[in-house]
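Student: I have a model on the screen and want to read it feature by feature. Where shall we begin?

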Amino acid sequence: MPRGIRVKPSKPASLFGMIVGIVFVFIGLFVAIPSAGMFGVFWTLIAVGITGFQAYNFFGDKGVASWEIDIDTGANAEMKNQSISVSGDFETRLRKLNRLKEDGLITEEEFQKKREEILREKW
């Protein structure tokens, strides 16, 4: 069953984002609000949100994941590996089987049975 791993930004990336967010908050408070009115308020609120998000990732152990990666573990991964190795080996497997028959290690019946089994597999 696939397992999801959450990936959050690194501490240095979060620190940088927090510093930039603080700069934008100051720009909003001292430049944008006095000169642009409602846009300045909007600017400042967005900057506070960005700063808070980055601070949470920087100071917290859990943090907020930026993305999630699904990793196949267990039976799914094994089955995929087996299907990849089996699907590309029809010719090789048939040649090995033919060699076993020619060397007298298996009977004609065993050869035909195994040959049909290999040919029935999905290409």
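**Reading the model**

Tutor: Begin with the largest nonpolar core, which has five residues: Phe90, Leu97, Ile106, Phe111 and Ile118. Helices α4 and α5 each supply at least two residues of this core. A nonpolar core is a set of buried Ala, Val, Leu, Ile, Met, Phe, Trp, Tyr and Cys residues joined through side-chain atoms within 4.5 Å. Buried means under 20% relative accessible area, exposed over 50%, and partly exposed in between (1.4 Å probe, protein chains only). In soluble globular proteins, nonpolar side chains tend to be buried together.

Student: What should I know about the model itself?

Tutor: The model is predicted: local features need pLDDT of at least 70, side-chain atom pairs count only at pLDDT 80 or more, and totals for chains, interfaces and linings use all residues. Residues are numbered from 1 along each chain as its sequence is written, and side-chain values use heavy atoms, with hydrogens and water left out.

Student: Which residues does leucine 97 touch?

Tutor: Contact means heavy atoms within 4.5 Å. Not counting residues up to four places away in sequence, leucine 97 touches Ile106, Phe111, Lys114, Arg115 and Ile118.

Student: How many helices and strands are in the protein chain?

Tutor: Helices (H or I, at least four residues) and strands (E, at least two) are DSSP runs, numbered from the N terminus. The protein chain has five helices and two strands. Their order from the N terminus is β-α-α-β-α-α-α.

Student: How do I check the length of helix α4?

Tutor: Take the expected span: 1.5 Å times one less than the number of residues. Helix α4 covers residues 90–102, 13 residues in total. Its first and last C-alpha atoms lie 18 Å apart, close to the 18 Å expected. Glycine 104 follows α4, with a positive phi near 80 degrees.

Student: How many salt bridges does a search of the whole structure find?

Tutor: Side chains of opposite charge can pair when their charged atoms come close. The cut-off for a salt bridge is a side-chain nitrogen of Lys or Arg within 4 Å of a carboxyl oxygen of Asp or Glu. The search finds three.

Student: Why are arginine 95 and glutamate 91 separated by about one helical turn?

Tutor: An α-helix has 3.6 residues a turn, so residues three or four places apart point the same way. Arginine 95 and glutamate 91 are separated by about one turn because they are four residues apart in helix α4. Their closest N and O atoms are 2.8 Å apart, in a salt bridge. Both residues are exposed.

Student: And the other two?

Tutor: Lysine 114 and glutamate 117 meet at 3.0 Å, N to O. They sit three residues apart in helix α5 (residues 108–120), so about one helical turn separates them. Lysine 114 is partly exposed at 33%, and glutamate 117 is partly exposed at 34%. Lysine 101 pairs with glutamate 108, with the closest N and O atoms 3.6 Å apart. Lysine 101 has 26% relative accessibility, so it counts as partly exposed. Glutamate 108, at 42%, is also partly exposed.

Student: Is asparagine 57 buried or exposed?

Tutor: Asparagine 57 counts as buried because its relative accessibility is 0%. Asparagine 57 is found in helix α2 (residues 38–59). Leaving aside neighbours within four places in sequence, asparagine 57 is in contact with Lys8, Pro9, Lys11, Ser14, Gly63 and Val64.

Student: What share of the residues counts as buried?

Tutor: Of the 123 residues of the protein chain, 17% count as buried.
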